[in-house]
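Have the structure open while you read.

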Number of protein chains: 4
Amino acid sequence: MRVRAIIVHPPKPGVEFTNLELETTKLKPNEVLVKTFFTGICGTDREVVNGLIKHATPPSGRDYMILGHEVIGEVVEVGDQVHNLKRGDKVVALVRRGCGKCISCKLGRPDLCETGEMQIAGVKGHDGFMVDYFIDDSTYLVRVPDSIANEEAVLIQPLGDIVKAVNTGLGIANFVFPYYCEDFTYSCKKAGIIGSGSTGILFAAYLRLLGFDVTLLNRRDPTELEAKISEGMGAQFKNFNKEEVKELDLLVDTSGSISSLYRLAKKVKPKGLIILFGFGIGDETNVNSQILTDIVYKNIIIVGSVAHGKAHLQEAVRVFTNMKNEFPTVIKNMITKVIGPEDSIEYIKSKQKNEIKTVIKWS
Amino acid sequence: MRVRAIIVHPPKPGVEFTNLELETTKLKPNEVLVKTFFTGICGTDREVVNGLIKHATPPSGRDYMILGHEVIGEVVEVGDQVHNLKRGDKVVALVRRGCGKCISCKLGRPDLCETGEMQIAGVKGHDGFMVDYFIDDSTYLVRVPDSIANEEAVLIQPLGDIVKAVNTGLGIANFVFPYYCEDFTYSCKKAGIIGSGSTGILFAAYLRLLGFDVTLLNRRDPTELEAKISEGMGAQFKNFNKEEVKELDLLVDTSGSISSLYRLAKKVKPKGLIILFGFGIGDETNVNSQILTDIVYKNIIIVGSVAHGKAHLQEAVRVFTNMKNEFPTVIKNMITKVIGPEDSIEYIKSKQKNEIKTVIKWS
Amino acid sequence: MRVRAIIVHPPKPGVEFTNLELETTKLKPNEVLVKTFFTGICGTDREVVNGLIKHATPPSGRDYMILGHEVIGEVVEVGDQVHNLKRGDKVVALVRRGCGKCISCKLGRPDLCETGEMQIAGVKGHDGFMVDYFIDDSTYLVRVPDSIANEEAVLIQPLGDIVKAVNTGLGIANFVFPYYCEDFTYSCKKAGIIGSGSTGILFAAYLRLLGFDVTLLNRRDPTELEAKISEGMGAQFKNFNKEEVKELDLLVDTSGSISSLYRLAKKVKPKGLIILFGFGIGDETNVNSQILTDIVYKNIIIVGSVAHGKAHLQEAVRVFTNMKNEFPTVIKNMITKVIGPEDSIEYIKSKQKNEIKTVIKWS
Amino acid sequence: MRVRAIIVHPPKPGVEFTNLELETTKLKPNEVLVKTFFTGICGTDREVVNGLIKHATPPSGRDYMILGHEVIGEVVEVGDQVHNLKRGDKVVALVRRGCGKCISCKLGRPDLCETGEMQIAGVKGHDGFMVDYFIDDSTYLVRVPDSIANEEAVLIQPLGDIVKAVNTGLGIANFVFPYYCEDFTYSCKKAGIIGSGSTGILFAAYLRLLGFDVTLLNRRDPTELEAKISEGMGAQFKNFNKEEVKELDLLVDTSGSISSLYRLAKKVKPKGLIILFGFGIGDETNVNSQILTDIVYKNIIIVGSVAHGKAHLQEAVRVFTNMKNEFPTVIKNMITKVIGPEDSIEYIKSKQKNEIKTVIKWS
């Protein structure tokens, strides 16, 4: 089958819209053929395209790789032994595929891979999903109810990362000592999120859903759209260069900026939690060891978190459904552009003004 | 009763050896009178003495405070309703006393106090134990078997802090995902400890007891005594300015040096754990946000930990017994000097050359 | 205000439809006035009505109590200091109110009350919700999205109990050792649920949502409706008097029948989990101590679970939303009758043929 | 080498003292040769000898098996690649060896084997240790300090089972909700232990060490020795046929008697824990389903527990050291007889009057 695709040649920079031949006549027993509906463009795609990810590599034996890891599609063909999916099912895909060697990967947690040999669809050793159709092992697909399978569903994959990060962090905090408020909810808890991109917004929406008082933190005032989105979920937006940030029970960094983090980490209360999620953006700052006294004396816990396992992606489908139900305008407003694949190259190369999430429509 | 005591006037600097009157004729029902055997001198004592702890304050309504929080003594008198202790029992004392307001303190965890209003014996609002006799609520005392109640037992209190830090850290790591090796022990795990003072040594000894491969890390070569102590527990000692540090599963900082920590944190493996224990020593370093990528991409967890609850101190008594049994020379070699209280002032004021732990003998 | 209500005189049997005067002019600062939409009738209501609950008592100083604990309504008036709710919000109510003495109740967990002095709306010391309007402390109310606030929403309260039971059980199982399958989901796990009443169905639906293979177990064939409901969520229904039950990873008892449980407990696999949820129905059986060998040798964990805390009820709102999205016919089919309060007495007195959930419509 | 051994022919009954040839000249790289000092006789040995264990089988390809799983010995020869042990080390041995297939066994937890194909030294598919010398993979041996390597050390292996059971149970209880007292110890917690054999006593001693108030429960008055042992650790002994048992926070069954358990389970408080450890002894009792109401309404958790992993055995070495230090007469009094292997057959066949633990001395 002739398919349209967006391909890269990692670790070299560059990206192309092209045509490829996809062999679809002989599915393996556990494989399915998926018709792509929509793919999202994210920061990692741009890093691959701009040659910034050193470990980015094409699948073994090839010099190109299909880009993209945020996808929603429909199963159109199933192998003989596929039991968890059937034709017509809408699906999202797992991005990491285990190394097969370490105990994390053997237990379905390639997000915790110890060898660094896991594959990452669209990034490292495995094709991504910016293509009309793709074949995948059904193990790596998660069903999505038809009712939410539109262009917004490209957000489910990044939400999986966030579900893992938050559930791990709050799980730890409550494991060490009750972190819940005295009414056994998070109603008294204040969360601050550094960065107001799509990741920051999804963190905010999930924490709002869980009952936190949430503030999005940035070095600038919100755009009109950001203000509308914050309001849509009952969160605040604060320019921390102008306004004072109050004490926090939970600080999430999605910015990757060490200077922002260093400044705001001091606001975290005793028994507080810090979730690190943003990859470093290259900035530097002078850090005084007084920060160690602060973290030690307050018994603060810091959790670095990347990627997710399959249960997290399943939970993300449910959380996404709840978000749409609770904050209907928020998710809608996050999709700032839907374009055809033939028009997508410039959007893949660099972030557009006021963009939150650009989606490529395949069919 | 006329007693000898070492007193301070926090937050002002200064320390005196003096005589005080202790009212011992009317114990409250839950109180006991303890005869002090030995007290240890630690870095926090020196910070109080040198006016470096801003929150250091004498007990309410007084301008002086008895110093010292590492103690071993004997119960010589008990109140009418004391059930957990009897005359002749050897005891160590809890240092933190709850604020009575926050849920942590109400559940016996003043180490996690949320208000900052807990008291700290010998430091903040409560007399310490550098005195011939002291009266205390029996709730704050933990019995120690006679067989280990000598000068070395002043190490049990700081060991309580370490037991809490390690048990919390390993508890978290195993809670998130199995952190144990494939033989369900820590036999494959490598720990590095920054700092080789008494705290670093106790961390090393506890981790050796648990089966870790342990390296003490410092910016210099070991002293003869440090080399002997390391060998006595089967640990390595490495000058990380000269020798390369291998990958670590667990990094503990007892130095409070941000520059050392920043340098060595990069050695921590995926799924690794960092325990922060040392208070900042005032140094600074330029930090690049690449460290965030490292922590995020490796799913590293960082745990700040200070002080301990009563169960930790009880466990420290048992761990101490095991350490003495497993590494008999280590604990013995840690006590570098035993002096009388009248000779102790200079030792309290500043750390001596090659000192690990100086102990004051009271009776 | 004159309101219609269904009242009981516990612990005496009997139930009446009557009119009461409700004082609504002076809300306390934290109170809200709620207009009742629907209330569900459940087995516990019938036990109260039939005088079978010894600890059932009216509110202090009264000889009658309003019945009912499954409710959905709308906030129509709010006190001066209510921040979490506003007029027009749809709400469900917490049933248990803490004793104010034990640590469980102080931490918002009256489901774990240690003194037995907690109140239970509609059962013990606190009015229930089978009334046109009721006043409640806003702390005990949880907001529900408008989109799901119909007659089906009376199921959210019992679902809260089930969310607590399942989350506690699976939390424990995974805490002890990874209980997830090797793909980090529950796709390989088989659950059996004894009893096919509304509770059994909600357990089944929640476990299906989480990915379990689920079988409803009863001593008889399914009714037509039960068969339809099972099919609607992809579960099986098995008459265990006729068909063999295969090995189970999770067994839930909602029947309260010791003879059924004893028979099926033997099917639980090594590392398996048993959740006990049904109150004893009075049957007896001869038990051989061989069952102890079975539980011990297989490291089986058994969790008794009743009631829930506020976070569980919040989670139940989200889970309910997901159930309706995933298994739309299941929830709809569970509501077998909607009646007016004036017609409800016979339904409250005894379970009707083929009834799953009868709902009283108030407005 | 000619060695003396005690052998059985499972699943057939019978036991013999005999001589065997042991090939000791070619150790595999990871093997060690151990000289047996002492072996303990336990109930499971007697069940093997009396043909009561259906799954008991000799090692593959043989019709006999060396009996015994409680051992203390000395390493006398080490393979080329043994790093964790050296000549002269005193060791105890792990009894279970993984099936190599299930995730439990792959993670060092054959105590949780899911296939049932694990081996059990002296019971199922693997030789035990009632022999002058034995060869073992060093992975399955745990070092014991010389100071405790006498005849009492045969208790360390069963103590491993108890450490696992208690740590799992208390871990779960505290995971669900704080189970500790308000002083963060177990000082307010009451434990009852059904059965006063060596297992019951070890449970009691461990729980006393952790601070519980402990009562040994039996259907008869204590023997003189049992009274002395109870007193030696500050525990009570109660004949529950004569005396009333008070409410319990923790109930441990080591008796395997369903009738005793059923009777005493009713004494367990809300949020209480029951640990099942004893294999069923064949008795029966009529159980009313009211017990389900009790377990459900009190949120009781029941944990079945058998065997242990390597970390538990390492912890047992430390706990044993502490027990000897805290309750010196208890452990000593538990060893009621030390005999030579040639005199041991009658002791292996059946329990002697007033026996607690009989030990066979090999060298």
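Predicted model: local features only at pLDDT ≥ 70, side-chain atom pairs only at ≥ 80, totals over all residues.

1. Tyr179(A), Tyr180(A), Phe184(A), Tyr186(A) and Phe212(A) are joined into a cluster by ring pairs. A pair here means that ring centres of Phe, Tyr or Trp (for Trp, its six-membered ring) lie within 6.5 Å; planes under 30 degrees apart are called stacked, over 60 edge-to-face, and the rest tilted. Over all chains, this rule gives 32 aromatic pairs.

2. Now one pair in chain C. Tyr186(C) and Phe212(C) are stacked, with 4.7 Å from centre to centre and 20° between the planes. They tie together distant parts of the chain, 26 residues apart. Tyr186(C) sits in the loop between helix H3 (156-176) and strand S12 (190-194), while Phe212(C) is in the loop between helix H4 (198-209) and strand S13 (213-218). Helices (H or I, at least four residues) and strands (E, at least two) are DSSP runs, numbered from the N terminus.

3. Two lysines are worth a click. Lys189(D) lies over the face of Tyr179(D), 4.3 Å from the ring centre. In chain B, Lys266(B) lies over the face of Tyr262(B), at 4.1 Å from the ring centre. To count, NZ of Lys or CZ of Arg has to be within 6 Å of the ring centre and within 35 degrees of the ring normal.

4. On to the sheets. Chain D has an open sheet of three strands in the order S2-S1-S4, paired antiparallel. Strand S2 (12-21) and strand S4 (65-66) of chain D are at the edges with a single partner strand each, so one side of each has no neighbour in the sheet. Strand S1 (residues 2-9) of chain D is joined to S2(D) by eight bridges, and Arg2(D) stands opposite Glu21(D). Strands count as paired if DSSP finds at least two bridges between them.

5. Chain C also has an open sheet of three strands, S2-S1-S4, with antiparallel pairing. Its edges are strand S2 (15-21) and strand S4 (65-66), each with a single partner strand. Seven bridges link strand S1 (residues 2-8) of chain C to S2(C), where Leu20(C) is the bridge partner of Val3(C).

6. How do the copies relate? A 180° rotation with 0.0 Å of shift along its axis puts chain B on chain A, RMSD 0.0 Å. The two copies are thus related as by a two-fold rotation axis. Superposition is by least squares on the C-alpha atoms of residues with pLDDT of at least 70 in both. Of the interface residues of chain B, 100% are also interface residues in chain A, so these copies meet through the same surface. Contact means heavy atoms within 4.5 Å.

7. Confidence, finally. Chain A averages a pLDDT (the predictor's confidence in each residue, from 0 to 100) of 97, and 100% of its residues score at least 70. For the complex, the predictor gives an ipTM of 0.97 and a pTM of 0.98.

8. Some housekeeping. Residues are numbered from 1 along each chain as its sequence is written, and chains are lettered from A and ligands numbered from 1 in the order in which they are written. Local features need pLDDT of at least 70 and side-chain atom pairs 80 or more, while totals for chains, interfaces and linings use all residues; side-chain values use heavy atoms, leaving out hydrogens and water.
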